[in-house]
Amino acid sequence: MQQSVFELMQQMGHEQVVFCHDPNSDLNAIIAIHNTTLGSALGGTRLWNYNSHSDALVDALRLSRGMTYKAAISGLNLGGGKAVIIADPSMKSEALWRRYGKFVNSLNGKYITAEDVNTSARDMEYISLETEFVTGVPEYMGGSGDPSPFTAYGVFVGMKASAKKMWGNDSLSGKKVLVQGVGHVGQYLVEHLSKEGAKVYISDINEGKIKETTDKFEGVEVIAGSEIFNLEMDIYAPCALGATVNSESISKMKCPIIAGAANNQLADENVHGPMLIEKGILYAPDFLINAGGLINVAAELDGYNHERVMGNVEKIYDRTLDIYNLSASDKIHTQAAATRIAEKRLTDIANVKARL
Ligand code: NAD
């Protein structure tokens, strides 16, 4: 039997879930607020043509919990939230974004939105016409624009830290790296990898994205989706959607490191975290290394400074090494180690607040 919304909220520790519907703009959205101990729940809005409403709900719940951990481990004073809009990407319209902006506004800042899959800085601009609780608005409107370059840079430094742990040297020159999904983040990541001299392979379901990437970067090789786990590679970088690290893919994987941008890469962290350890694959926790975009949009809220943002994103390198060390010393998988650090900060700050 399927679990009810409240059972799921209880299981994952959510504070609030908001269902939004507007027949005029064809809007069906779910805003999930996971935890506001550290501050307003900030997280992007994903627009996706979900197979069912329950798939959309579970996605919103899992993604918002990930945002809580991402903010906590990154030292940000923000809570975790995320929203999903159930629609075909071709259905995007000004009316849909503005109506959605009104729903966000009705939460009075408890939830702050931003970009995610299938949403753009232009869409954030429409939202900003109806609410101030939006980040990642275009630069010409005083915002910090697309967060993807910062996310990609964070993933790149997390990848270098993983290389350091695995090979004692963080150079990626000559390493074979497969970037699965060359959208916003994936293409910036390919740029960093190409500059570093890595041998880059890409895979995407969108031919246009493949062409854009191969036109921009020389020497990039294209791999069919069905072939990616047959490839002998040094690093697998999932930069499309979640749950690509599962029992089937792990059994085929021929790579010592997984480090990518996608959220919720492990289909089931309790099963697949330990499975990766057993197979000797070093997994860079997703919410730790893909925090660059969040660090960037968070900076919009308290006076944007590019250098400070880059410095904060670079801290992902040391944090990744710390997590690997904790994983080794406490004999826990790397996602569990990252979760432990994030949960400790949440508990510590909740205790501080309780005493005020
Ligand atoms: P995007 O939509 O721009 O790019 C995703 C790409 O993946 C697209 O090109 C799409 O065609 C491709 N794709 C989808 N399914 C695929 C499949 N099965 N195989 C291969 N390719 C596939 O999204 P993005 O902004 O680049 O984000 C990528 C991932 O990183 C998402 O999981 C997102 O949640 C996560 N993320 C993004 C940011 C950010 O700053 N944009 C921040 C944190 C996490």
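## Close-up views of a predicted model

**View 1. The N-terminal end of helix H9 has a cap from Asp-268.** In this predicted model, a side-chain oxygen of Asp-268 lies 3.0 Å from the backbone nitrogen of Asn-270. Helix H9 itself covers residues 269–278. Just beyond the helix, look for Gly-280, which takes a positive phi of about 75°.

**View 2. Helix H9 has a buried side and a face turned away from it.** The buried residues of H9 are His-272, Gly-273 and Leu-276. Seen down the helix axis, these buried residues fall within an arc of 105°, so they line one face of H9. Their cover includes helix H8 (247–252), strand E11 (257–258) and strand E12 (282–283). On the face turned away from the buried side you will find the exposed residues Asn-270 and Glu-278.

**View 3. Thr-151 sits in helix H5, which spans residues 148–167.** With a relative accessibility of 10%, Thr-151 counts as buried, because the cut-off for buried is under 20%. Leaving aside residues up to four places away in sequence, Thr-151 touches Val-185, Ala-261, Ile-289, Asn-290, Gly-292 and Gly-293.

**View 4. Trp-97 and Tyr-100 are both found in helix H3, residues 94–106.** The model has 3 aromatic pairs. One of them joins Trp-97 and Tyr-100 edge-to-face, with 6.3 Å from centre to centre and 75° between the planes. Along H3 the two residues are 3 apart, about one turn of the helix. Trp-97 is buried at 1% relative accessible area, and Tyr-100 is buried at 0%.

**View 5. Phe-229 and Tyr-236 form an edge-to-face pair.** Why edge-to-face? The ring planes of Phe-229 and Tyr-236 meet at 80°, with the centres 5.2 Å apart, and planes over 60 degrees apart count as edge-to-face. Phe-229 is buried, with a relative accessible area of 12%, and Tyr-236 is buried too, at 0%.

**View 6. Charged side chains sit over the rings of Phe-103 and Trp-167.** Arg-99 lies over the face of Phe-103, 4.3 Å from the ring centre. Over the ring of Trp-167 sits the charged end of Lys-175, at 4.0 Å from the centre.

Note on methods. Residues are numbered from 1 along each chain as its sequence is written. This is a predicted model: local features need pLDDT of at least 70, side-chain atom pairs count only at pLDDT 80 or more; totals for chains, interfaces and linings use all residues. Side-chain values use heavy atoms; hydrogens and water are left out. Buried means under 20% relative accessible area, exposed over 50%, partly exposed in between (1.4 Å probe, protein chains only). Helices (H or I, at least four residues) and strands (E, at least two) are DSSP runs, numbered from the N terminus. The arc is that of the directions from the helix axis to the C-beta atoms. Contact means heavy atoms within 4.5 Å. A polar contact is a pair of N or O atoms within 3.5 Å; within protein, one must be able to donate a hydrogen and the other to accept it, and residues adjacent in sequence count only if both atoms are side-chain atoms. Rings of Phe, Tyr and Trp (its six-membered ring) pair if their centres lie within 6.5 Å; planes under 30 degrees apart count as stacked, over 60 as edge-to-face and the rest as tilted. A charge sits over a ring if NZ of Lys or CZ of Arg is within 6 Å of the ring centre and within 35 degrees of the ring normal.
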